[in-house]
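Thanks for coming. I will go through the aromatic rings and the nonpolar cores in this one, and I will keep it short.

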Amino acid sequence: RFRQNQRNMRGRGGQRGGYNDRKGQVGTRNKWNKQMGMRNQKNQPPIKNRDASVTVRPDWVTIEEMDFPRLAKLSLPNVKDGEDIICCGSLEYYDKAYDRVNVKSEKPLQRIDRIFHTVTTTDDPIIRKLSKTVGNVYATDAILATLMCCTRSNYSWDIVIEKIGDKLFFDKRDNTEFDLLTVNETSVEPPQDDSNSLNSPRNLALEATFINHNFSQQVLKTGEPRYKFDDPNPFISEEEEGEVASVAYRYRKWDLDNGVVLVSRCEHDAVLPTPGGELQFLTIKALNEWDSKLSG
């Protein structure tokens, strides 16, 4: 009995010894993981504090401050579809042959010299006219898209809101890069801010904007009659020399309840007839992949 108890004790002691060994291994593994985690953090690019897009003056009064989590929770589930007020401009037809472009049947990007207008809200003669009779909040589709995606933005930007009477006008600031398309802004490794590099954020944004302008016009059936709305393009002046890009503007309104009626200028790049005989108005965009090794 005594020897049997001793063997049992040795067995239990061995189990305790094994447990202590495993505990030591777990402790060593946790220490190793912690060291590797710190090493991985060192390898990650440092978080950069970006400069503000506008200098906040000390005499400015904060009316309301809203953080991103609060903005992400906002929703307007009962808003009905927008209504067209005025449609103007002319559109070329989309060439469906570009639907079959792939890596085996590629087509090089062409340089197409056409005029693009980027007019802010208060400089739009149609919005000025509509503000007398329709709506009380006015903006463009680019400004609204920026506000809707603000919770994902990493680069600094700002908009100007002018209150005239009981009406609000959302404008972009003059001489800014608001209309440039950012590249890899939300990536884990965004482009490094080096002005001398071809892959700096600004140079990549210029390249992406240039690609989008040319691509949106290359995929159209040029030389054929355009689809024309009742009203002409409001931004074409007699002094302009050159061909204006295929573009149409639809001024639409939405009733957001609580007495808020939003009026926005929305852009289209092309038109496409459907098999049913209806027309689809298209907005054409190109996603620029500047480095295939990077994700996001």
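Start at Tyr98: the charged end of Lys107 sits over that ring, 4.5 Å from the ring centre. Keep in mind that this is a predicted model.

Now ring against ring. There are five aromatic pairs in the structure. Take Phe235 and Tyr249: the ring centres are 5.1 Å apart and the planes meet at 80°, so this pair counts as edge-to-face. Where do Phe235 and Tyr249 lie? Phe235 is in the loop between β5 (227-228) and β6 (247-255), while Tyr249 is in strand β6 itself, so the pair ties together parts 14 residues apart in sequence. Are these two residues buried or exposed? Phe235 is buried because its relative accessible area is 11%, and under 20% counts as buried. Tyr249 is buried too, at 1%.

Elsewhere, Tyr227, Phe229 and Phe281 make up one aromatic cluster.

On to the cores. The largest nonpolar core has 14 residues, and Tyr249 turns up again here: Leu130, Tyr249 and Tyr251 are the ones with the most contacts inside it. Which elements give two or more residues to this core? They are β1 (83-93), α3 (125-130) and β6.

Look at Leu130 for a moment. Setting aside neighbours within four places in sequence, Leu130 is in contact with Ile85, Ile86, Tyr138, Tyr251 and Val263.

There is also a second, separate core, this one of nine residues. Among them are Val137, Phe170, Phe178 and Trp254.

That is what I have.

Conventions: Residues are numbered from 1 along each chain as its sequence is written. This is a predicted model: local features need pLDDT of at least 70, side-chain atom pairs count only at pLDDT 80 or more; totals for chains, interfaces and linings use all residues. Side-chain values use heavy atoms; hydrogens and water are left out. Rings of Phe, Tyr and Trp (its six-membered ring) pair if their centres lie within 6.5 Å; planes under 30 degrees apart count as stacked, over 60 as edge-to-face and the rest as tilted. Helices (H or I, at least four residues) and strands (E, at least two) are DSSP runs, numbered from the N terminus. Buried means under 20% relative accessible area, exposed over 50%, partly exposed in between (1.4 Å probe, protein chains only). A charge sits over a ring if NZ of Lys or CZ of Arg is within 6 Å of the ring centre and within 35 degrees of the ring normal. A nonpolar core is a set of buried Ala, Val, Leu, Ile, Met, Phe, Trp, Tyr and Cys residues joined through side-chain atoms within 4.5 Å. Contact means heavy atoms within 4.5 Å.
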